[in-house]
Amino acid sequence: MFKNYRISLFLGLCFFVIFTAASARAENLHGLALHEKLKYAPDFTHFDYANPEAPKGGVLRLATIGGFDTLNPYTLKGRPAAESSLVFETLMESALDEPFSQYGRIAQSVTVAPDKSWVSYVLRDEARFNDGMPIRCEDVVFSFEVLRDKGHPFYRSYYKDVAKAECLSPHNVKFTFHKSGNAELPLIIGQMLVFSKSFWQGKDFAATTLEPILSSGPYQIEQVTPGRSITYKRVSDWWGKDLPVNKGRYNFDRITVDYYRDATVALEGFFAGKYDYRFENIAKNWATAYTSPAVKQGHIIRAEIPNALPAGMQGFFFNIRRPIFKDPRVRQAITLAFDFEWGNKTLAYGAYSRTKSYFANAELAAIGLPSPEELKLLEPFRDQLPKEVFEQVYEPPQTDGSGDVRDNLLKASTLLEQAGWVMKNGKRVDQQGNPLTFEILESSNLFERWVQPFLRNLERLGIKANLRIVDTAQYQNLMDSFDFDMTTSVFGQSLSPGNEQLDFWSSAKADQKGSRNIIGIKDPVVDALIEKLIHAQNRSELITATRALDRVLLWGHYVIPHWNSRFYRIAYWDKFGQPALAPKYGLDITSLWWFDQNKVQKLESGKKTK
């Protein structure tokens with residue numbers, strides 16, 4: 001017995017020493033940053049881009065196009081209501097003036113293992129759901145498991161390297177990872193939404209619902225008119241209102257969103273004062289449509305706000321699951337038929353720059369030929385990659401903007417013939433006589449002005465393509481099941497790309513319905529580069545891996561690149577107060593602006609005198 005006691009004591013002391021040493025290295029922190037130092041100290045009182053003296057009050061009126069049939073934006077089914085994320089809370093809050101940093105929200109503090117093999121969070125005592133019940137570790141564990149198992153397929157990819165979540169105490173939750181060394185994973189967990197375990201008992205998280213979901217955020221759903229409008233009411237006694245990450249934010253008493261079926265009608269509704277501000281994503285509108293009396297009288301302000309975020313990639317995306325798009329020469333030929341320069345001049349009034357990278361407008365974009373560091377990643381795959389990856393700088397096809405694309409079409413014709421598609425009786429056919437035809441799927445007529453000239457150029461190549469516009473619900477179903485030939489999409493990127501790239505391009509996601517790998521890429525080289533990117537140990541390694549991935553994707557000819565703008569184009573009725581300093585990496589009007597009563601009164605007086 002004494003011997004066993006001595007052994008137990010010895011083992012206990014060893015455990016104590018090991019645990020104490022590990023704890024000494026695993027510091028309890030107020031925030032996390034990926035490859036950078038935190039900007040804000042533990043005693044910070046508010047973000048620099050928020051006004052802690054901002055007054056509260058008023059009803060912010062917004063508008064959007066389409067409809068909705070669910071209040072849960074985190075599942076595959078249904079079309080979520082606009083702004084529905086306002087009611088939910090996360091463990092940590094991302095700062096909009098740092099590349100990728102987080103500070104405590106529901107979590108008071110965070111601890112990361114020195115080898116990045118686990119992360120733990122201490123929850124705030126005061127954190128509450130909006131029914132008054134405290135947020136506890138069991139709610140966090142439930143949230144992780146339900147998002148992984150019942151949420152949108154994106155979460156299965158996002159959390160795939162998390163082995164388990166467990167409660168160390170009612171206020172302390174730990175996440176253990178399958179592998180060590182993934183610096184982004186602790187921040188990914190910090191973004192996790194927290195749901196009430198008791199609320200969801202007996203309910204199907206994956207189903208659509210128009211029942212308001214119990215949450216812990218700054219707003220609650222007050223009124224729902226299915227498919228037509230939704231109203232959010234600010235929680236007056238919200239537990240998180242005085243946290244440094246929230247001070248000066250969420251200033252409107254109510255936020256309403258009205259739905260319009262037609263973009264033109266929505267714009268006219270804005271000029272008539274039916275809602276308060278809008279993002280303008282149609283260059284022609286920005287150049288020609290803002291001629292209403294309210295604009296001329298200065299009641300409506302137009303502003304272009306610099307955008308320092310990566311533009312990502314917008315374009316016509318091929319579904320390479322379709323046999324006709326298997327050959328990259330066919331994809332390259334079709335790309336040659338798109339005349340961006342003519343469209344930018346004629347349709348967009350020269351507002352855009354051509355996108356040349358999946359990480360456009362960022363240091364992450366591939367530039368020049370591969371650097372020595374990039375070559376170390378790419379050389380092992382030289383035999384599996386197009387030689388252009390090593391020898392050429394990617395440039396999308398160009399024209400002189402006159403509308404004459406004859407030279408590009410000649411190049412396209414040569415590529416198609418090399419791929420086995422020849423002209424016969426004015427049609428492009430394969431060896432069996434099957435014509436080369438495809439469909440461009442869209443959910444609105446927003447791009448029709450750009451698509452029709454593209455279709456005419458394809459017709460000159462003997463290719464029959466057509467535009468199909470369906471409602472948003474049908475469009476989403478077709479996209480989730482990959483039942484399309486080509487579509488317009490946008491792959492937004494962050495300043496610190498990571499695990500989300502798996503959902504975009506990895507082989508594992510090519511056959512998973514609802515994933516973002518709409519192209520259908522199954523490429524071991526892409527998979528390997530994503531892993532290098534995810535496990536980068538510093539900013540320099542991250543940039544190198546991202547640029548290498550960018551090159552491989554570009555020379556795969558998976559997309560016909562569109563364009564990007566380095567500005568947010570917004571228009572708003574002149575009734576708002578704004579912080580003196582705008583955040584560098586985002587535009588959060590809903591959270592950061594407020595109603596200036598002097599401007600409101602002046603605006604109302606001005607309307608009455610006209």
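Modeller: The largest cavity is lined by F338, D339, W342, G343, L347, W450, P453 and F454. This is a predicted model, in which local features need pLDDT of at least 70 and side-chain atom pairs count only at pLDDT 80 or more, while totals for chains, interfaces and linings use all residues. Residues are numbered from 1 along each chain as its sequence is written, and side-chain values use heavy atoms, with hydrogens and water left out.

Biologist: Which element gives the largest share of the lining of the largest cavity?

Modeller: A cavity is a set of points on a 1 Å grid over the protein atoms alone where a 1.4 Å probe fits but cannot get out, and lining residues have an atom within 4 Å of a point. Two elements give two or more residues to this lining, α10 (340-346) and α14 (448-460); helices here are DSSP runs of H or I with at least four residues, and strands are runs of E with at least two. The largest share, three residues, comes from α14.

Biologist: What is the volume of the largest cavity?

Modeller: The structure holds two cavities of 30 Å³ or more. A volume is the space filled by probe spheres set on the grid points, which are joined across faces, edges and corners. For the largest cavity, the volume is about 50 Å³.

Biologist: How do the residues lining the second largest cavity divide by class?

Modeller: The second largest cavity, with a volume of about 40 Å³, is lined by L34, H35, A183, E184, P497, G498, L533, I534, A536 and L542. Ala, Val, Leu, Ile, Met, Phe, Trp, Tyr, Cys and Pro count as nonpolar, Asp, Glu, Lys and Arg as charged, and the others, Gly among them, as polar. The lining therefore divides into seven nonpolar, two polar and one charged.

Biologist: Is the disulfide of C137 and C167 left-handed or right-handed?

Modeller: The structure holds one disulfide, a term for a pair of cysteine sulfur atoms within 2.5 Å. It joins C137 to C167, with S to S at 2.1 Å. C137 lies in helix α2 (residues 137-150) and C167 in strand β8 (residues 162-169), so the pair ties together parts that are 30 residues apart in sequence. Because the torsion about the S-S bond is about -110 degrees, the disulfide is left-handed.

Biologist: Is C167 buried, partly exposed or exposed?

Modeller: Buried means under 20% relative accessible area, exposed over 50%, and partly exposed in between (1.4 Å probe, protein chains only). C137, at 1% relative accessibility, counts as buried. C167 has 39% relative accessibility and therefore counts as partly exposed.

Biologist: Which residues does G190 touch, not counting residues up to four places away in sequence?

Modeller: G190 is found in helix α4 (residues 185-190) and is buried at 0% relative accessibility. Contact means heavy atoms within 4.5 Å. By that rule G190 touches T90, L91, M92, Q102 and Y121.

Biologist: Are the rings of Y277 and F279 stacked, tilted or edge-to-face?

Modeller: Rings of Phe, Tyr and Trp (its six-membered ring) pair if their centres lie within 6.5 Å; planes under 30 degrees apart count as stacked, over 60 as edge-to-face and the rest as tilted. The count comes to 55 aromatic pairs. The rings of Y277 and F279 have centres 6.0 Å apart and planes at 75 degrees, so the pair is edge-to-face.

Notes:
1 Å grid on protein atoms, 1.4 Å probe; cavity = no way out; pocket = protein on both sides within 12 Å on 5 of 7 lines; lining within 4 Å.
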